[in-house]
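Reader: Hi! Could you walk me through this one?
Author: Happy to, here it is.
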Amino acid sequence: MLQEKSLEILRGDIRYEVIQKGLWDCKQQVFFETGARGASKIESMGSNTIDVDRLDAILPDGQPVTFIKMDLEGAKQTIQRYRPKIAISVYHKTEDIWEIPEIILKIHPEYKLYLRHYSVAAAETVMYAI
């Protein structure tokens, strides 16, 4: 769990609120197991659970959003309303490289898209929407 103490470096002019939920494309409880490579979602079982919901449902009305670094599911209204800059990984699945730009441009067609690769491995390819 994220501790308030972990965020002390953000104090000052930056406002934040810790919400003990994960982000997903709908409101539900997700079951998962953790292993050496991180968490892997399991639909109906797992020793760990977390409540999840859409960003659009969690953010209060009128809360301006200027940057999103996450998955896009569940943030459609926020993206349409505030057109934040977006940084999103496009290497988890092969089809991410073309499906994610289609999703972004369908939500807000005025974005300009940029692609950047950060390592020699296949991972760490990020698409920016500005």
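Author: A term to start with: buried means under 20% relative accessible area, exposed over 50%, and partly exposed in between (1.4 Å probe, protein chains only). This is a predicted model, where local features need pLDDT of at least 70 and side-chain atom pairs count only at pLDDT 80 or more, while totals for chains, interfaces and linings use all residues. Residues are numbered from 1 along each chain as its sequence is written, and side-chain values use heavy atoms, with hydrogens and water left out.
Reader: Thanks! How many salt bridges does the structure hold?
Author: Two, a salt bridge being a side-chain nitrogen of Lys or Arg within 4 Å of a carboxyl oxygen of Asp or Glu. K21 pairs with D53, with 4.0 Å between the closest N and O atoms. K21 lies in the segment before β1 (22-23) and D53 in strand β4 (residues 48-53), so the pair ties together parts 32 residues apart in sequence. Strands (E, at least two residues) are DSSP runs, numbered from the N terminus.
Reader: Is K21 buried, exposed or partly exposed?
Author: K21 is partly exposed, at 35% relative accessible area, whereas D53 is buried at 8%.
Reader: And which residue does R54 meet in a salt bridge?
Author: D56, at 3.8 Å from N to O. R54 is partly exposed at 27%, and D56 is buried at 13%.
Reader: Switching topic: why is strand β6 largely enclosed?
Author: Four of the five residues of β6 (residues 85-89) are buried, so the rest of the structure largely encloses that strand.
Reader: Which strands are joined to β6?
Author: β5 (residues 67-69) runs parallel to β6, with three bridges, and β8 (residues 125-129) runs antiparallel to β6, with four. Strands pair if DSSP finds at least two bridges between them.
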